[in-house]
Amino acid sequence: MSNHHEFILTISCPDQVGIVYNISGTLLELEGNILTSQQYGDEDTKQFFLRIRFSVPASITQEQIEAALAPAKARFNMDLNLYATTKKSRVLILVSKQGHCLNDLLFRTHSGLLNMEIVGIVSNHRDYEKLAESYDIPYHYLPVSNDNRAEQEAEIFRLVTELEVDLVVLARYMQILSEELSNKLEAKAINIHHSFLPSFKGAKPYHQAHQRGVKIIGATAHYVTSDLDEGPIIEQDVQRVDHRLSAESLAQVGSDIESLVLSRAVKSFIEHRILLNGHRTVVFK
């Protein structure tokens, strides 16, 4: 058994003199060893952001660390969070009929590429029930219509609460969340969509893009907010395409990019690398 354990500390606060000095001094008093440290000061918003991974002797508890950091937290008006690296994030995935992002997240988690626990899958269809069963993950079939939308969302939030979910992932979940549920999931729900918005909305966007002869396609992962597809952006990627690709091939390339971008965003979240900066994000690599 190791005689040390590791934590991740994230901080955001108004930028001012002495922040790093106070935090590093406090960790030194706890016999802490800083393993990695990243910081950013935004000249526009005058906000300061810090992420530190550190180790302390096993005899030092998380409560003791938080108590030691409390004076600096109060002095600098910090939004301060401390996470034990041994605690896996608990993730609930929402999906509809397109399963490429779900399948990718399941594989990456099962193979250890994403250090998280998928505590359930919610869908308004039964298409991926057997897939969930193969990974021994509970599958919650929650059909939705205009008549039962409020009840269905209430059930989703019940699961979030009872399963102690840290992150909700909309893995091509083709339902618009209400303002109420979006607000309840603030900064703990991530969505993925293609990069054609607002140009190609609705069904078969890649076919629409093919008809227009697009030369670049991509995907965006962002936090869910009550403003549809306008939440703070976490991750994006693009790929050049040309006239040789059929609409179906274009859609396949798009699916691959969506899966990759979503997995990167989820990884950043579960590693506590994302800090909100107004309507933008700071994502430490």
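**Sheet order and aromatic pairs**

In this predicted model, seven strands form an open sheet with mixed pairing, in the order E7-E6-E5-E8-E9-E10-E11, where strands are DSSP runs of E of at least two residues, helices are runs of H or I of at least four, both numbered from the N terminus, and two strands pair if DSSP finds at least two bridges between them. Strand E7 (139-141) and strand E11 (233-240) are the edge strands, each pairing on one side only. Strand E8 (residues 167-170) and strand E9 (residues 189-194) run parallel and are joined by three bridges, and Val168 has Ala189 in E9 as its bridge partner.

The search of the whole structure finds two aromatic pairs, a pair being rings of Phe, Tyr and Trp (its six-membered ring) with centres within 6.5 Å, called stacked if the planes are under 30 degrees apart, edge-to-face if over 60 and tilted for the rest. Phe7 and Phe54 are stacked, at 5.9 Å centre to centre with 25° between the planes; Phe7 belongs to strand E1 (residues 4-14) and Phe54 to strand E3 (residues 47-57), so the pair ties together parts 47 residues apart in sequence. Tyr40 and Phe49 are also stacked, at 6.3 Å centre to centre with 20° between the planes. Phe49 counts as buried because its relative accessibility is 1%, whereas Tyr40, at 36%, counts as partly exposed (buried means under 20% relative accessible area, exposed over 50% and partly exposed in between, with a 1.4 Å probe and protein chains only).

Residues are numbered from 1 along each chain as its sequence is written, and side-chain values use heavy atoms, leaving out hydrogens and water. As the model is predicted, local features need pLDDT of at least 70 and side-chain atom pairs count only at pLDDT 80 or more, while totals for chains, interfaces and linings use all residues.
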